[in-house]
Amino acid sequence: MLTGGAAIYTLWNAADHGQINPQTTAADGYFSFYTLPGTYQLEVSKADYQPYRSWELAVTDEPVHYDVPLTPELSVTPNYTITLGAGGFNPPILTVTPGTVIAWLNTNAGSHTTTSITPTVSYGGAAPTMLVSSQGWDSGLLAMSASYQRQLDTPGIYTYYDYENPDHTGILIVEYQIYLPLVLRDSS
């Protein structure tokens, strides 16, 4: 339903169709259900993982297949916070050392994501997999004041974008920093 130009979602009444909602999946994470044609969003939660909300999924008369890349919760304070807003990511480029925890925080009334481009998000098929620090990520839609955290342990250049605003991109450079002592030569 559209209200003032914004989509309002309500819980799908699965009981009318002989199904349950919300669903609890098996250990492999597989789920399947039938919905009437329309536009939907999935909200996924699991203990010890960050919540995930999909962007709009258009259902016609075909089954919908949608993999959700869950990211473990991190119980540490982030080293850096990148804000997401109408103007994009701030800062848009950040250089950090391996092991750094980065948080993306939505400071805007609209929904935003942080979704990696390189590396892309990869899925392990039907077997449950946890995203390791060298793989891509997808925060799902972040509402205002919501955040997503990621720890990157592997050196490299990680590019990402906002699914809701694909022109907004960011770069994380993860590299070791070596500090050499400064030695002054006596000129006397």
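Me: Where is Pro91 found, and what counts as a strand here?

Reply: Pro91 is in the loop between strand S8 (88-90) and strand S9 (93-96). Strands are DSSP runs of E with at least two residues; helices are runs of H or I with at least four; both are numbered from the N terminus. This is a predicted model, where local features need pLDDT of at least 70, side-chain atom pairs count only at pLDDT 80 or more, and totals for chains, interfaces and linings use all residues. Residues are numbered from 1 along each chain as its sequence is written, and side-chain values use heavy atoms, with hydrogens and water left out.

Me: What is the peptide bond from Asn90 to Pro91, cis or trans?

Reply: Cis, with omega near 0°. Most peptide bonds are trans, and most residues other than glycine have a negative phi.

Me: Why is Asp48 called exposed?

Reply: Exposed means over 50% relative accessible area, buried under 20%, and partly exposed in between (1.4 Å probe, protein chains only). Asp48 has 60% relative accessibility, so Asp48 counts as exposed.

Me: How do you know whether Ser145 is buried or exposed?

Reply: The value for Ser145 is 57% relative accessibility, so Ser145 counts as exposed. Ser145 also has a positive phi, near 75°, and is not a glycine. Its place is the loop between strand S11 (115-118) and strand S12 (147-152).

Me: What makes S10 and S12 a pair?

Reply: Two strands pair if DSSP finds at least two bridges between them. Six bridges join S10 (residues 100-106) to S12, so the two strands pair; they run antiparallel.

Me: Why are S8 and S12 said to stand at the edges?

Reply: Four strands form an open sheet in the order S8-S7-S10-S12, with mixed pairing. S8 and S12 each have a single partner strand, so one side of each is left without a neighbour in the sheet. The twist averages 25° from one strand to the next. Angles run from 0 to 180 degrees between N-to-C directions of axes, which are lines fitted to C-alpha atoms.

Me: How many helices and strands does the chain have?

Reply: Zero helices and 14 strands.

Me: How much of the chain counts as buried?

Reply: Of its 188 residues, 31%.
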